[in-house]
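Thanks for making the time this morning. I would like to walk you through one structure, taking it a piece at a time, so please have a look at it before I go on.

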Amino acid sequence: MKWRDPLLLIAVVVGLWQLLYLYAGDSALSSPVTTARTLAIMLQDPRFLVHVRETLLAFLQGFLIAVLIGLAIGFALGAHAFSGEVGEPILVALYSIPKVTLYPIILLIFGIGMPAKVAFGAIQGIVPIALFAMNAIRNLNPVYARTARVLRLSPVAWTKELLLPAALPEVITGIRVGFSLTLIGTLLGEMFGAQRGLGYLLMQAMGLHHMPRLMALTLLLVLFAATVNALLLALDRRLHERG
Amino acid sequence: MSRVGRIRVLVLLGAVATLEALCRTGVISSFTLIAPSTIVVSTVEILASGRFTADIVVTLRNVAAAILTAMIGGVAIGTLLHGLPATRRVLEPLFATYYAIPVYAFYPLLIVVFGLGDLPQIAIGFLLAVMAVVINTMNGLDRVPAVLLKAARVQRLGPLATAWSMRLPYAAPYVFTGFKLCVAYSFVGVIGAEFITSSRGIGYEIAFAYNNFDNRVMYALIFFILAVVTLVNMSLYAWERRLLARRQR
Amino acid sequence: MASPAHVLLRGVTRIYPARAGRPELHALGPIDLDLAEGEFFAVVGPSGCGKSTLLELIAGLAAPSAGEATFEGRAINGRVPDGVGVVFQEDASFPWLNVFDNIAFGLRHAGGGATEVRSRVDYALEFMGLKEFAGAYPAQLSGGMRQRVCIARTLVLKPRLILLDEPFGALDQQTRLLMGDELLRLWRETRATILLITHALDEAAMLADRVGVMSARPGRFLDVVSTGWPRERDSRIVSSSAFGGLTSRLWTLLRAESLRSLGHAAGQG
């Protein structure tokens with residue numbers, strides 16, 4: 001059954017966690033039960049929810065910008081073959097550099113606050129979204145273009161009815177990757193330079209050596225990221241199977 | 001250089017020239033961005049002064065440690081899992097979701113456990129890089145055609161000989177892709193960790209310069225590390241392309 | 001004289017201009033061709049001789065560098081005329097649409113009303129033997145069936161000229177023979193003029209009224225062989241003695257050209 005394997009995996013992870021806790025003790029780790037309980041308490045605390053809201057707002061805005069700008073760049077480079085050839089290595093280079101090094105520059109431009117946080121996430125997500133969208137257009141099966149001409153479709157009809165549906169699976173993959181990277185970028189920015197948000201709380205718990213809190217926050221972030229990614233992955237796979 | 005290459009260089013030079021002009025004319029203040037030409041000059045000066053050589057060495061050493069452990073660990077784990085299909089299937093959700101998980105969220109935990117030395121940063125670099133190596137190693141071993149393995153059995157080659165003469169040549173390009181990703185991720189992981197919290201290293205010095213309003217040093221170090229990382233990544237990328245191109249025959 | 005040619009080609013040539021790293025390429029021609037309305041014409045020739053280019057020129061997907069091509073008396077010049085249908089070698093079915101929507105696609109975009117679309121598509125489904133698969137997706141179908149979907153998509157538009165570029169190339173021999181029978185049924189039903197490009201001599205000899213044999217690149221017609229088959233024919237004619245004579249005649253013409261084109265390929269190797 002499909003559910004058996006992931007449940008088994010989770011059980012093994014939690015089991016290892018518990019063993020590690022028994023070995024390392026309270027000063028190094030917090031047990032699974034304690035962590036879960038701490039998280040439950042935190043989620044009912046309105047002061048905590050303020051931080052959740054802060055991170056969520058920053059992340060969602062960053063993601064939206066990454067999608068809009070990323071798709072625009074990707075489609076433009078995909079549609080215009082020469083620009084795509086010129087631009088692809090540049091995009092690939094941008095993809096592989098540690099963009100965290102640009103964070104101080106972002107702070108210089110935006111100052112500390114929400115706009116900077118949005119930027120932290122957005123710059124991480126733009127590049128993969130653009131790359132995947134560009135490839136989706138470039139790798140379009142050439143027989144579709146010829147079919148469109150034989151059927152004498154208008155450019156609008158061709159774009160709407162052929163190009164976009166055919167490109168969709170790859171575009172969604174890019175958006176899925178961009179989602180994860182934007183989240184990581186937002187979090188990273190909060191850990192580096194912020195006074196509110198989950199990343200900030202993470203650093204605070206570290207400074208206070210408050211293990212249950214630290215692990216509860218980590219658990220929350222991991223659960224959120226993994227769950228949404230799993231959903232997007234299911235969508236991604238469905239689209240790719242269909243073709 | 002091809003026409004595409006030349007246009008690309010022109011585009012990049014144009015972007016830099018625009019920034020230069022905006023800085024020189026004061027449209028962008030020097031509190032925000034220092035002119036590119038000045039950045040390049042001060043980078044050379046600052047590097048020559050040797051003030052940050054120790055930090056550069058620390059960072060590069062940690063990156064190297066992350067790369068080494070991720071490659072060895074990743075190839076070992078990948079090969080092992082390839083031989084244990086049931087286990088691999090159970091772990092499949094982990095492979096699919098791994099890179100969505102914010103690895104940096106574990107950094108504070110690692111610091112609490114390992115203390116504030118170099119180990120947490122190497123660990124983050126390792127954690128970020130290892131999965132790419134595992135996945136690519138497994139993919140590479142998948143690609144070995146079954147017919148070849150049958151031929152090996154017919155010729156009565158032992159497991160080691162089979163691995164060396166049959167599996168390795170087919171898996172090699174994928175392992176190299178894993179290596180390329182491993183290098184990129186190790187840099188991202190180590191430097192990112194240095195930014196969040198550390199006591200030395202390039203990331204630490206950039207954050208320090210920022211906090212002390214020292215734009216000159218900050219931009220120089222940012223430029224230096226980006227240049228190094230880009231150079232390394234682009235070389236590996238080009239090498240990979242050549243390896244793959246030769247195999248297309 | 002008989003009624004004017006349905007498709008007329010005079011001195012049609014296609015030369016790809018020189019560009020960076022590649023000299024000028026004389027791909028096709030000059031070609032003269034007269035297709036009578038409702039005839040089934042096959043084109044065979046060695047690889048690289050320009051058969052597909054010829055099809056593209058007639059379809060209006062490319063313009064000739066010299067000479068003129070007309071369809072129903074009007075010039076085709078790089079624009080696809082009304083009434084022309086094309087079936088490509090590659091699978092052109094749309095994976096995100098089910099079989100019904102795939103077939104209806106062109107018709108809907110040509111402005112068909114819902115009831116008309118429904119009736120024509122139903123008819124095409126019936127005709128091509130796809131009735132039970134109307135709700136299925138291409139990913140669930142075999143290669144042969146996907147090609148049938150593409151043919152149905154063309155059929156539904158009631159084309160007067162149908163161009164097929166090695167449509168059965170990816171299929172196994174038995175399926176090809178059966179698809180050949182279907183093509184003949186289609187031809188009789190629609191009364192369209194058909195131009196079939198194929199590398200399979202037996203397929204050309206079995207299906208066509210006339211077979212044009214092309215030379216190696218730049219492709220020109222070496223000869224046009226009339227088969228003389230009756231309109232009501234199917235794959236069983238492959239067992240007739242006339243068929244054997246036909247294919248050996250085609251191969252005699254083609255053999256030298258194929259060797260020459262192989263020599264081309266080796267020289268550029």
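How many Å separate the centres of domain 1 of chain C and domain 2 of chain C? Please bear in mind that this is a predicted model; taken over C-alpha atoms, the two centres are 26 Å apart. The domain assignment of chain C puts residues 7-83 together with 160-268 in domain 1, while domain 2 covers 91-158. Where these two domains meet, 9 residues of domain 1 of chain C are in contact with 7 residues of domain 2 of chain C. On the domain 1 side of that contact, helix H5 of chain C, residues 173-190, gives the most, with 5 residues, and by class that side divides into 6 nonpolar, 2 polar and 1 charged.

Let me turn to the contact between chains. Here 14 residues of chain A are in contact with 14 residues of chain C. On the chain A side, helix H7 (142-150), helix H8 (155-192) and helix H10 (211-242) each supply at least two residues, and the largest share, 6 residues, comes from H7(A). That side of chain A has 7 nonpolar, 2 polar and 5 charged residues.

Finally, a word on helix H4 of chain A, residues 81-96. At 1.5 Å a residue, its 16 residues should span 22 Å, and its end C-alpha atoms are 23 Å apart, which agrees.

Technical notes:
Residues numbered from 1 in each chain as written. Chains lettered and ligands numbered in written order. Predicted model: local features only at pLDDT ≥ 70, side-chain atom pairs only at ≥ 80, totals over all residues. Domains from an automatic or database assignment. Helix = DSSP H or I, 4+ residues; strand = E, 2+ residues; numbered from the N terminus. Nonpolar A, V, L, I, M, F, W, Y, C, P; charged D, E, K, R; others polar. Expected span 1.5 Å × (residues − 1).
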